[in-house]
Protein chains: 2
Amino acid sequence: MKTYRKKSFPLTKIRRFLEPGPVVLVSSAYKGERDIMTMGWHMMLGFDPALFGCFIWDQNHSFSLIRKSKQCVINLPTYDLVNAIIGVGNSHGPRVDKFKQFALTPLPASKVHAPLIAECYANFECRLIDTSLIAKYSLFIFEVIKAHVAASPPAPRYPTTLHYRGDGVFMISGHSVSYRRRFKRVNL
Amino acid sequence: MKTYRKKSFPLTKIRRFLEPGPVVLVSSAYKGERDIMTMGWHMMLGFDPALFGCFIWDQNHSFSLIRKSKQCVINLPTYDLVNAIIGVGNSHGPRVDKFKQFALTPLPASKVHAPLIAECYANFECRLIDTSLIAKYSLFIFEVIKAHVAASPPAPRYPTTLHYRGDGVFMISGHSVSYRRRFKRVNL
């Protein structure tokens, strides 16, 4: 699979990739173990600091790695990674090393111990900042502390992402259109 | 604008429309006042009960109507409503009646006092069940208690929705593909 040359990206603009609601791959590591999970339930919760909330099922192996390490990386896969996205969703750690199983390349992150996935279009390094909603809602609140995004060009400015509808059906992201001139500046 | 003939839809399957991350219109009413807001920060938080979390900025007029009435309707607009989506986002209540201003038709809901928007592809009636995260995160947790979805046919099975990227740019949803046979049944 192809990897991307990436550059650092402003944290206040990461909504460009996350707010449209794509399926993401969450990577984590703790004391020699590592894992990846597929995730579709997430939302932006702030620009500055860049806050991100997501639902992590307590039966998932990643749940304990993330809770213990208080870190993860949110990786944004594109449509060409559909086999890995489904395969990761079908697998349950810790028996399987999902990096090897699905030919994904772990790269060192800059601010967390969880690995970046090289084949993903973007990687968002996260620090868990609030654990108080985990017990009741399986809701983790992260601060995104570093963003790496594919350099464009050569990568497209907007990636083609998958958006899950349940029942095995994905919506594939279409083209992007700017209505910038129609917005009041304060609402952009 | 066209309206849809709708039918009741199972609450456990509303992720089909919300999980892909579309921009939605939130309608609310309290003591003779009503409002609509445009919203892009939201996520599913459960199937049964059907839980839905969303970020509502405290400067928005809808914030107080929803907090006081403890109800709202999440309406799913399609691309043809882009003018209303942007117009609602640009307006600030309570000075403007956004239904009149943007030619949207309020219809009575079945379980809440907030109105449904007839021109939207789907309407989800919601009851506010947790106010404890509003002060810290502007995060409202709703239970969806009734869903109305456009009858298909004649409406398309999957609507063409807008997904906001910031800076005035929307991603327009593309086609949907089923990978159902590739999923483990338990993960569908």
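Me: Where in chain A does Pro153(A) have its place?
Reply: Pro153(A) lies in the loop between β10 (139-150) and β11 (162-164) of chain A; here helices (H or I, at least four residues) and strands (E, at least two) are DSSP runs, numbered from the N terminus. The structure is a predicted model, in which local features need pLDDT of at least 70, side-chain atom pairs count only at pLDDT 80 or more, and totals for chains, interfaces and linings use all residues. Residues are numbered from 1 along each chain as its sequence is written, chains are lettered from A and ligands numbered from 1 in the order in which they are written, and side-chain values use heavy atoms, with hydrogens and water left out.

Me: Which residues do the cis peptide bonds at Pro153(A) and Pro154(B) join?
Reply: In chain A, a cis peptide bond joins Ser152(A) and Pro153(A), with omega about -10 degrees. In chain B, such a bond joins Pro153(B) and Pro154(B), with omega about 15 degrees. Pro154(B) is located in the loop between β10 and β11 of chain B.

Me: How many residues of chain B are in contact with chain A?
Reply: Contact means heavy atoms within 4.5 Å, and by that rule 57 residues of chain B are in contact with 57 residues of chain A. Of the interface residues of chain B, 100% are also interface residues in chain A, so the copies meet through the same surface.

Me: What area is buried between chain B and chain A?
Reply: The figure is about 5,500 Å², and carbon and sulfur atoms give 56% of this. Buried area is the accessible area (1.4 Å probe) that two parts lose on being put together, summed over both. Trp41(B), Tyr137(B) and Arg165(B) supply 15% of the area that chain B buries against chain A, more than any other three residues.

Me: Why is the meeting of Lys13(B) and Asp167(A) called a salt bridge?
Reply: The rule asks for a side-chain nitrogen of Lys or Arg within 4 Å of a carboxyl oxygen of Asp or Glu. The N to O distance between the side chains of Lys13(B) and Asp167(A) is 3.3 Å, so the pair qualifies. Across the interface of chain B and chain A, the rule finds six salt bridges.

Me: Which element gives the largest share of the side of chain B that touches chain A?
Reply: Among the elements that give two or more residues to that side are α1 (15-18), α3 (82-90) and β12 (169-178) of chain B. The largest share, 10 residues, comes from β12(B).

Me: What makes β12 of chain A and β12(B) a pair of strands?
Reply: Two strands pair if DSSP finds at least two bridges between them. Phe170(A) has Val177(B) as its bridge partner, and Ser178(A) stands opposite Val169(B).

Me: Which strands pair within the chains?
Reply: In chain A, β11(A) and β12(A) run antiparallel and are joined by three bridges, with Leu162(A) partnered by Ile172(A). Their hairpin has four residues between the strands, and Gly166(A) takes a positive phi near 85 degrees. In chain B, β2 (residues 24-30) and β3 (residues 33-39) pair in the antiparallel sense over seven bridges, and Leu25(B) has Thr38(B) as its bridge partner. This hairpin has two residues between β2(B) and β3(B), and Lys31(B) in the turn has a positive phi of about 45 degrees.

Me: Why is the relation of chain B to chain A that of a two-fold axis?
Reply: Chain B can be laid on chain A by a turn of 180 degrees and a shift of 0.0 Å along the axis, with an RMSD of 0.0 Å. That is the relation of a two-fold axis. The copies are superposed by least squares on the C-alpha atoms of residues with pLDDT of at least 70 in both.
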